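Biologist: I am new to this structure and would like to learn how to read it. Could you take me through it feature by feature?

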Amino acid sequence: MRPFDPQPHSGRYLSFSEREEIALLNAQGKGVREIAREVARDPGTISRELRRNAATRSGKREYRASVAQWKSDLAAHRPKTSRLVANPRLHAYVQERLSGQISTPGGKAISGPATSGWTGRNKPHRKDRAWVQAWSPEQIANRIKLDFPDDESMRISHEAIYQALYIQGRGALKRELILCLRTGRALRAPRARSRRKTWAHVSPEALISERPAEVEDRAVPGHWEGDLIIGLERSAIGTVVERSTRFTMLVHLMREKGYRHKHTVKNGPALAGYGAITMKNALASTMSTPPEQLARSLTWDRGKEMSAHAQFKVETGIPVFFADPHSPWQRGTNENTNGLLRQYFPKGTDLSRWSAEEVEAVAHALNSRPRRTLGWKTPAEALNEQLQLIQQAGVATTA
């Protein structure tokens, strides 16, 4: 006869041979952590296994591999009846917290705006949504323990509520109740997408904490801040500002051949003008203008357009540092300059229509404007003074 050794679906689950080893070690009086080391599993896995799948028919808890395997197989049977289907009281509690009507503190019901029916898509864009209780599944799952502390039948996990909303085979909640969730998504985001690193291109050596201390007081020129200003139909212009003189350079970003708005090829090359390689080349060309002594570092926002910052550093010798998430004040000079540039490039306008010459003219206008922080000098005059100091230092060194 073939030995009784059912194989699990994957290494995620305990096998029968592992359960036999757990039973032997447990009988020898070994602790949970010691068993976990022997079986090469997490201590939490061993603890749950001994608690959930122990044999109890003898009146005491004893762990036997065959009984544990039988209990595990029984628990794994699918499909199961949803708790929300089997327990009407639980169903009513969850649905009331999701879609119940809101009211005043005095108890008067408020209907809110009139809304159209669900179309099967996400929440309506720039339209009224129904005013409902709109508790999140996590709030419901945790609050119910406080409302019914002694009733074990009134328990549900937030994941079970999400599955009841998004998987109609669960047969518990109506599909249109997804509009009661804050996001109002018709489909759940895949787990791999939710775990994707937003700022994977920011390496440890490129964090702003690694930036030289001399950058902070603006005493040493040559440290720049940069970002993009975005326009209509994925158009953009790069902005680079020197911290001590406020001198501004604009990076003209032309769309690449083959770009068509809303007709981009899925997973195709970035053709909008500020893809990583396009941005790297255009920025390298712009940053080659000032002398080496006035190009010491560059601090950028965390946008993906600077994903090729390592190549940029190799080509130009300028290290790139990235500000912390949601910290625009760490690039305050650049943020202020972008606000000034919006006079010429308002939001909601197509920035790709301007030529390199026209963009340069705007930069010149900004650099010719006197600034109070510079003692009413212009950024161009302040930069010219720095260039003269560099030339004088070079002459003195040569002499």
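Modeller: Gladly! Begin with the secondary structure: the protein has 14 helices and seven strands. Keep in mind that this is a predicted model.

Biologist: What radius of gyration does the protein have, and what would a compact globule of 399 residues have?

Modeller: The radius of gyration of the protein is 32 Å, whereas a compact globule of 399 residues would come out near 21 Å. The box around the C-alpha atoms, taken along the principal axes, is roughly 100 × 60 × 45 Å.

Biologist: How do I read the surface and the interior?

Modeller: Look at accessibility. The accessible surface of the protein is about 25,000 Å², and carbon and sulfur atoms hold 51% of that. Of the 399 residues, 36% are buried.

Biologist: And what share of the contacts links residues 24 or more positions apart?

Modeller: Among contacts with a separation of 6 or more, such pairs account for 59%.

Biologist: Which residues touch the most other members in the largest nonpolar core?

Modeller: The general idea comes first: in soluble globular proteins, nonpolar side chains tend to be buried together. Here, the largest nonpolar core has 27 residues, and Leu283, Leu298 and Trp300 touch the most other members. At least two residues of this core come from each of β3 (223-230), β4 (236-242), β5 (248-252), α10 (276-287), β6 (297-300) and β7 (320-322). Helix α10 gives the largest share, five residues.

Biologist: What does Leu298 touch, beyond residues up to four places away in sequence?

Modeller: Its partners include Trp224, Val240, Leu283, Met306, Phe312 and Phe321. There is also a second, separate core of 21 residues, with Val94, Leu173, Leu177 and Ala186 among them.

Biologist: Where is Ala75, then?

Modeller: Ala75 belongs to helix α4, residues 65-75. With a relative accessible area of 42%, Ala75 is partly exposed. Its C-alpha atom is 9.9 Å from that of Asn53, 22 residues apart along the chain.

Biologist: Finally, how many positive and negative charges are there?

Modeller: The protein has 63 positive and 41 negative charges, and their mean positions lie 8 Å apart.

Key: Residues numbered from 1 in each chain as written. Predicted model: local features only at pLDDT ≥ 70, side-chain atom pairs only at ≥ 80, totals over all residues. Heavy atoms only, no water. Helix = DSSP H or I, 4+ residues; strand = E, 2+ residues; numbered from the N terminus. Rg over C-alpha atoms; globule rule 2.2 N^0.38 Å. Buried < 20%, exposed > 50% of the residue type's maximum accessible area, 1.4 Å probe, protein only. Contact = heavy atoms within 4.5 Å. Areas by Shrake-Rupley, 256 points an atom, 1.4 Å probe, with all protein chains shown as cover. Lys, Arg positive; Asp, Glu negative; His and termini not counted. Charge placed at Lys NZ, Arg CZ, Asp CG, Glu CD. Core = buried A, V, L, I, M, F, W, Y, C linked by side-chain atoms within 4.5 Å.
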